[in-house]
Amino acid sequence: MLNVSAKNYEVTGITVHHSQRNQLESSLHDSKNRMDESGVRADVAQNEVVQIKNHLDQVQTNYDHQQDVMNQVYQSAYASLMVKLQPLLDEIDSLEAQMNEVNTGVMDSMLMSCLAGIGVVTALHQKRKEED
């Protein structure tokens, strides 16, 4: 009987060992599959990142081009406007200069009139003093 139980033990030990080995292989296989799936998901995510970056680069390029076009349109419109406005601006400057000359002449005339008026008043005042 002793031999039989030793054989059973050996058979049982081999069976347990074989069962553990099967479980470990199954677990290793599952882990490898999960790792492969994770690698595929990482590759897909990386490809999406590259596509998004490429799209953003294209959007930036389009924006820069649009800005360049807008700046050219603005500069062209400004230059065209200034060509049309410059004669008016020159006329305004000329009129302002003429107004300053007229104002200076008017001020000079007013000053002379005031001085003349003072002279008349002074003369009248002097004449009254002499008459008194």
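The questions below concern the fold, surface and salt bridges of a predicted model.

Q: How many helices and strands does the secondary structure of the protein chain come to?
A: In this predicted model, the helix named α1 covers residues 2-131, and the protein chain has 132 residues. The secondary structure of the chain comes to one helix and zero strands.

Q: What percentage of the residues in the protein chain is buried?
A: A residue counts as buried when its relative accessible area is under 20%. The chain exposes about 12,300 Å², of which carbon and sulfur atoms supply 61%. Among the 132 residues, the buried share is 0%.

Q: What is the N to O distance in the salt bridge where the side chains of D57 and K53 meet?
A: Both D57 and K53 lie in helix α1, four residues apart, which is about one turn of the helix. D57 is partly exposed, with a relative accessible area of 37%, while K53 also counts as partly exposed, at 49% relative accessibility. Their side chains meet in a salt bridge whose N to O distance is 3.0 Å.

How values were computed. Residues numbered from 1 in each chain as written. Predicted model: local features only at pLDDT ≥ 70, side-chain atom pairs only at ≥ 80, totals over all residues. Heavy atoms only, no water. Helix = DSSP H or I, 4+ residues; strand = E, 2+ residues; numbered from the N terminus. Salt bridge = Lys/Arg side-chain N within 4 Å of Asp/Glu carboxyl O. Buried < 20%, exposed > 50% of the residue type's maximum accessible area, 1.4 Å probe, protein only. Areas by Shrake-Rupley, 256 points an atom, 1.4 Å probe, with all protein chains shown as cover.
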